[in-house]
Amino acid sequence: MLKGIPPVISPDLMYALMNMGHGDEIVIADGNFPADTNAQRLIRADGLDVCTVLKAVAQFFPLDTFAEDNAVIMEVVDPSAPKPEIWKEFKEILSISENKEVKLTPIERFSFYDRAKKAYCVVATSEKRIYANIILKKGVV
């Protein structure tokens, strides 16, 4: 254990955050996401929800300000379905962390999977809410 590091950030997750470079991406995924199938590096966060992990990661992770799509969410398949409530939580967590409003960029489900396959790592949580997946692009400090 270290001082100031949230206990929800495992040694593997901190290692990944530290090793990621500018432009690398991390996926924080819900319990339904095919994480093992789509991950180059899989980091388990069993028992945790996405927002808990996102809040902890956001303390250390600068978003890429040179990219318009630095926070990407999976678009709802049914266009008539309401937007998931968790997206508001994502936006609030990231906007507080970045000290400015953060725009979430929705992309089509299979495009999200393709992008996840190229991400530095996928953090698999036990989140039960659907469409609770987010990709973050790392910026500089």
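Modeller: At 0% relative accessibility, C121 counts as buried, where buried means under 20% relative accessible area, exposed over 50% and partly exposed in between, with a 1.4 Å probe and protein chains only. This is a predicted model, in which local features need pLDDT of at least 70 and side-chain atom pairs count only at pLDDT 80 or more, while totals for chains, interfaces and linings use all residues. Residues are numbered from 1 along each chain as its sequence is written, and side-chain values use heavy atoms, with hydrogens and water left out.

Colleague: How many disulfides does a search of the whole structure find?

Modeller: In general, a disulfide is a covalent bond between the sulfur atoms of two cysteines. Here the criterion is a pair of cysteine sulfur atoms within 2.5 Å. The search of the whole structure finds zero. C51 is in no disulfide, and its nearest cysteine sulfur, that of C121, is 18 Å away. C51 counts as buried because its relative accessibility is 4%.

Colleague: Which residues of helix α3 are buried?

Modeller: Helices (H or I, at least four residues) and strands (E, at least two) are DSSP runs, numbered from the N terminus. Helix α3 covers residues 50–58, and seven of its nine residues are buried. They are V50, C51, V53, L54, A56, V57 and A58. These buried residues pack against α1, β1, β2, α4, β5 and β6, judged by contact, meaning heavy atoms within 4.5 Å. At the start of α3, a side-chain oxygen of D49 comes to within 3.1 Å of the backbone nitrogen of C51.

Colleague: What covers the two faces of a strand, and which strands pair with β1?

Modeller: Two strands pair if DSSP finds at least two bridges between them. Strand β1 (residues 25–29) pairs with β6 (residues 134–137) in the antiparallel sense, over four bridges, and the partner of V27 there is I135. With β5 (residues 121–125), β1 runs parallel, again over four bridges, and V27 stands opposite V122. As for the faces, E25, V27 and A29 on one side and I26 and I28 on the other are all buried. Five of the five residues of β1 are buried, so this strand is largely enclosed by the rest of the structure.

Colleague: Is S111 buried, partly exposed or exposed?

Modeller: S111 lies in helix α5 (residues 109–118). It counts as partly exposed because its relative accessibility is 36%. The C-alpha atoms of S111 and F33 are separated by 14 Å, and the two residues are 78 apart along the chain.

Conventions. Polar contact = N/O pair within 3.5 Å; in protein donor to acceptor, adjacent residues only side chain to side chain.
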